[in-house]
Amino acid sequence: MTSSEKNNPAGDQILIGIGASPGIAIGPAYVLSGSCPVPVERAISADEVEGEIAHFRQALELARTQLREVRARVQDQTLAEHLYIIDTHLLILDDEMLVGGTITAIREQFVNAEGGLRRTLQRFRTIFDSIEDEYLRERRSDIDFVGNRLLRNLAGVAHHTLQQVVRPAVVVAHDLSPADTLLIDRELVTGFITDVGGRTSHTAILARSLGIPAVVGLESATLLVPADAPVIVDGSAGVVIVNPTEATFREYLGKKQVYDYRERELQAFRDLPPETLDGHRLTLRVNLELADDVPQALANRAEGVGLYRTEFLYMNRSAPPSEGEQLAIYREIVERMAPQPVTIRTLDVGGDKLVSEINLAGEANPALGLRAIRFSLKEVRLFRTQLRAILRASAHGKVRLLLPMISGVAEVRACRDHLEQAKAELRQEGLPFDPALPLGIMIETPAAVFIAELLARECDFFSVGTNDLIQYALAIDRGNEHVAYLYNPLHPAILRALGQTCSAGRKAGIAVGMCGEMAADPMCVPVLLALGFNELSMNAVEIPRVKRVLRQVRHADGVRLLERLMQLPTAREVSECLETEMARRFPELFARFGL
Ligand code: PEP
Ligand code: MG
């Protein structure tokens, strides 16, 4: 997304960027200037070489001390989770290409330490810029942060620090390093906006953990926002308003009050167990797409990952990820979520999820075509690589394997064969894995619902994907706005499909979870509870909302409500009945007002 500037006739100056952390902040701008000194490169004589190398080593040592200090000063439990970023930066300080490359440049090209470092950093940039994967490309920022720190140390320039902020303000910066962000004083920095950065940058992730509204990627905020100008940051919408009019100011003040009130209220539920008034417990897990979403999952007390969509690893790149690359990412997630389990779903491409290098073009009905498990069973080399990586990750924590879009027992058996062969290979190679790795399947085709009893004998758990189940059961393209009005999880056919799935799972004694969007709808909690789901998996921020409803209902009431809903013949009547009942029981939650 590119940033743009719009001036509304009433006088607001509107900047549009990327919403990195939700919420609204209002305050005077504190503009941090001078992102990094420009390195002064100088030719040196042979006599000066050792002196410059020593100067570079001192800068390295100082950077180590500075980063260790940051580490020691972070006391906050929520932030402790992020200290691995500082460890990554400490590791970069030992990187052979960075250290050895700079020393070689000083020694062989006769340039001063700043020149040698600048040339080495340039080499890193060229390599990172050629990476197509957005997530990995963004990791270049870690090298940049370390490089800038070293350049400042070499030039003897003090770090701009957020400690200079002495009264509440919205910080405007070219970029904020994770080390800066970790030391933010939440009382003083009410929000921040930056010229660079994306949603997956570490700084954005930290902002979310800190609960500080932030907009990044504004390109020229440091030029456009004058010091002390009043600023509104809408981190949910990715919008910044400079010099707001009276009317805009009042509007956002109201929005901020509603948002802050709801957030505070939700926090109260964070640490409470997810159980009903009559003691029925549900496991609330998180749906993940990126390793960087783990801190948010932990902050919202997710009891493990119910769905890790691995297809994002395969997108925007020219070749599929290798076994080693996958293992590194799976392992990172598994170790950071430990001791909670991580459910890794095998590649789900096709339909609306296209992966550039995988040629699926030309299918008349991609959603009914070579999608998900069908693709994996055709491209077995890719599938085996992924199974090996998942198995190897299971040596580092609790892993569950999940197969997408199963429509028959034969597919589960074929997958199990591949899994057993992958295990045999790993055994032969002496590579460790969990021999009892649970194997689960997505229930997201009508066929899977009809034969749920047969499928339950072949696997260890079910996870219902309502996004697809609704699409396939009601024959509605999930991405087609013309039929979106028909897309309703409360359609009587869907309620029956869910009921059949749960009862098949119960009879076979296996856990039944849901990871489609329906699981994240607080309104549906009593219904899902009564249907017999054991686990719900959703976006991290939804966990406290679902938990809040769960803790205020009784299983027995859910059962009675479900009985009533099952009598109703149309989706609309079911929805209306549920909405009326929930608005009556929880007026503060479901009566429609505000945000
Ligand atoms: C689903 O279909 O409900 C699901 C969780 O999978 P996805 O949205 O990734 O297809
Ligand atoms: Mg699906």
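**Charged pairs and the parts they join**

Modeller: In this predicted model, the side chains of Arg119 and Glu41 form a salt bridge, with 2.4 Å from N to O. Arg119 belongs to helix α5 (residues 113–129), while Glu41 sits in the loop between β4 (24–31) and α1 (49–73), so the contact ties together parts that lie 78 residues apart in sequence. Arg119 counts as partly exposed, because its relative accessibility is 29%. Glu41 is likewise partly exposed, with a relative accessible area of 29%.

A further pair is made by Asp228 and Arg167, whose side chains meet in a salt bridge at 3.4 Å, N to O. This pair links distant parts of the chain, 61 residues apart: Asp228 is in the loop between α10 (221–224) and β8 (230–234), and Arg167 is in the loop between α7 (140–155) and β5 (169–173). Arg167 counts as partly exposed, at 49% relative accessibility.

β4 and β8 run antiparallel and are joined over five bridges, with Ala25 opposite Val233 in β8. β4 also pairs with β5, in the parallel sense, through three bridges; here Tyr30 stands opposite Val171 in β5.

The next salt bridge lies between the side chains of Arg371 and Asp468, at 2.9 Å from N to O. Arg371 is found in the loop between β12 (342–345) and α14 (372–378), and Asp468 in helix α19, so that distant parts of the chain, 97 residues apart, are linked. Both Arg371 and Asp468 are buried.

Asp468 also takes part in a metal site. Together with Glu444, Asp468 coordinates the magnesium ion (ligand 2), through OE of Glu444 and OD of Asp468, at 2.0 to 2.1 Å. Glu444 lies in the loop between β14 (439–443) and α17 (446–450), whereas Asp468 lies in helix α19 (residues 466–473); the pair therefore ties together parts that are 24 residues apart in sequence. Glu444 is buried, as is Asp468.

In general terms, side chains of opposite charge can pair when their charged atoms come close.

Definitions and conventions
Residues numbered from 1 in each chain as written. Chains lettered and ligands numbered in written order. Predicted model: local features only at pLDDT ≥ 70, side-chain atom pairs only at ≥ 80, totals over all residues. Heavy atoms only, no water. Donors = N, O, S within 2.8 Å, 3.2 Å for Na, K, Ca; no water. Helix = DSSP H or I, 4+ residues; strand = E, 2+ residues; numbered from the N terminus. Buried < 20%, exposed > 50% of the residue type's maximum accessible area, 1.4 Å probe, protein only. Salt bridge = Lys/Arg side-chain N within 4 Å of Asp/Glu carboxyl O. Pairing = 2+ DSSP bridges.
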